[in-house]
Amino acid sequence: MQPLANITPLKPAGAIEVRNVGQIFKTTTQDVTALEDVSLDVKPGRFVVLVGPSGCGKSTLLMMMAGLRQQTSGTITISGAPIPEPDPNRVGVVFQEASLFPWLTAEENVEFPLALRRVSKDERRAKAQDALKLVGLDGFGKRHPHELSGGMKQRVSIARGLVQDPPVLLMDEPFAALDEQTRMTMGDELLRIWAATGKTVVFVTHSLTEAVYLADEVIVMSPRPGRIVDQLQVSLPRPRTYEMLSGDAFGTLRDRIWRHIRKSA
Amino acid sequence: MQSGLAVKATRVGIVVALFAIWEMLSRTGIVNPRLLPSASDTLATLGDLLQRASVRKDLAVTATEVVTAFALAVPVGAMIGFLIAENKYFSDVAKPLLFFAFSIPKSIFLPMFILVFGVGFAQKVGFGFFSTIFIVIMSTTTAVESVKVEHLTVARSYGATPMQTAFRVYLPSMLPVLLEALRISMIFNLTGVILAEMYASRDGIGHQIATWGENFQMKQLLAGVVMIAVIAIAFNELVRWVETRCSHWRT
């Protein structure tokens with residue numbers, strides 16, 4: 001772990017720097033290199049998508065950016081400082097399905113991060129209401145997760161990630177369990193929320209279409225050991241529309257990612 | 001709703017029918033009334049017994065033993081179960097052993113409890129504790145395993161302290177399983193204490209029932225059986241009622 005005392009001036013809030021990061025998992029029989037020499041820069045406010053086949057370490061990289069896991073080598077900084085443990089003021093995390101607490105209502109789930117910090121009841125409720133409004137769930141706060149659809153549950157998860165207003169939002173395959181129509185809608189919703197809040201977003205997915213549709217930049221990774229094999233700038237105009245999916249520019253980008261993935265699969 | 005009501009009506013009907021058959025068998029002499037006093041006589045005896053100071057004292061003694069054994073076995077068992085579940089090594093080592101211990105009928109150890117504790121409060125509470133703790137340990141490990149890793153990761157990613165994780169994630173995740181465990185543990189606990197009383201004791205309702213049995217006081221014996229059955233059912237239903245109130249937590 002790095003000493004926290006380096007007096008470097010803070011980078012602008014929301015910048016992510018990954019430098020020569022490696023991750024080795026030790027098992028009883030062998031050491032598995034999950035990530036090798038990964039470096040990347042994410043400027044504040046950008047939407048970056050990590051894609052790659054299973055086992056390429058994209059989720060592992062995301063967990064390290066969240067401070068939930070420490071790299072074996074290299075450095076990661078968020079807003080200019082290393083992240084030796086989770087820091088909800090700098091990073092909000094949105095997980096795959098089923099991460100909401102079923103015993104809490106939607107608004108209590110959103111308030112959870114604030115409740116941990118002993119924020120007053122009134123302030124908590126007000127912030128949760130704002131976050132729920134932002135994700136389009138105004139009026140659903142009193143419902144329990146089992147009373148919400150899959151898409152609505154993920155909206156609650158996003159609201160929970162945003163409630164402390166961190167500059168960075170990390171998303172680990174958040175729409176993987178949703179049906180395709182809901183998934184498309186949620187993609188548009190996420191882009192709307194991103195445009196409204198100006199967060200830096202790092203988004204992990206298996207879906208190439210989703211990757212190109214959402215991203216400013218797509219990082220393609222390959223497995224065994226996990227490393228970056230390509231970085232694509234997606235210059236499609238915003239707001240993105242459904243019609244773009246059938247355009248040439250979209251197809252060219254998606255094909256380029258697919259060729260990398262086919263090679264490593 | 002109609003079918004729900006019909007089910008309830010049928011259920012009540014069955015109970016009433018059982019009492020009616022009981023009454024009939026005894027009144028008509030198909031079963032010797034000295035062996036099976038009628039239901040009405042038994043219930044009248046029950047009312048009579050509950051008026052008696054000695055029976056009330058026996059009930060109080062048994063209740064004290066049951067509550068003491070339960071209050072000791074549940075936290076101790078929960079603590080052991082928690083430690084086992086949280087440590088992979090402990091869990092690998094201890095779990096099969098617990099299953100071995102659980103499968104042994106606890107009643108065969110009762111003579112040893114009498115030798116160690118003598119006849120009295122400690123022996124009965126000790127045996128009640130012993131009868132209960134294994135099921136508590138096993139249920140607690142199941143409850144801990146029912147905590148979802150995703151939920152723990154969420155708590156960690158929002159900076160929860162170990163204390164906060166315990167009270168805001170572990171406890172609510174485990175509560176439905178724990179409530180069910182509490183209910184089943186009480187059945188084991190009650191069985192243990194009453195058995196200890198019937199086997200060797202100077203007081204307690206179990207001792208009374210054993211005495212009535214030995215003296216062929218069938219009315220009193222059956223009244224005692226009804227009394228304990230009602231108490232056990234009442235506790236069970238109380239916990240079940242709490243359980244249904246938090247059933248949506250199980251999603």
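Strands S1 and S2 of chain A pair in the antiparallel sense over eight bridges, where two strands count as paired if DSSP finds at least two bridges between them. Helices (H or I, at least four residues) and strands (E, at least two) are DSSP runs, numbered from the N terminus. This is a predicted model, in which local features need pLDDT of at least 70 and side-chain atom pairs count only at pLDDT 80 or more, while totals for chains, interfaces and linings use all residues. Residues are numbered from 1 along each chain as its sequence is written, and chains are lettered from A and ligands numbered from 1 in the order in which they are written.

Four residues separate S1(A) from S2(A) in a hairpin, and Ile16(A) faces Val42(A) of S2(A), standing opposite it. On to S4: strand S1 (residues 16-26) of chain A also pairs with strand S4 (residues 73-78) of chain A, in the antiparallel sense and over five bridges. Here Val18(A) stands opposite Ile76(A) in S4(A). Together the strands make an open sheet of four, in the order S2-S1-S4-S5 of chain A, with antiparallel pairing. Its edge strands, each pairing on one side only, are S2 (31-42) and S5 (81-82) of chain A. Helix H1 (residues 58-65) of chain A packs on this sheet and touches S1, S2 and S4 of chain A; contact is taken as C-beta atoms, placed from the backbone, within 7 Å. The direction of H1(A) makes about 65° with that of S2(A) (axes are lines fitted to C-alpha atoms, for helices over the stretch in contact, and angles run from 0 to 180 degrees between N-to-C directions).

Leaving aside residues up to four places away in sequence, Leu170(A) touches Leu62(A), Met65(A), Ala66(A), Val91(A), Val93(A) and Val202(A).

Finally, the contact between the chains takes 17 residues from chain A and 14 residues from chain B. Helix H7 (149-157) and helix H8 (162-199) of chain B are the elements giving two or more residues to the side of chain B that touches chain A. The most come from H7(B), with six residues.

Key:
Two residues are in contact if their C-beta atoms, placed from the backbone, lie within 7 Å.
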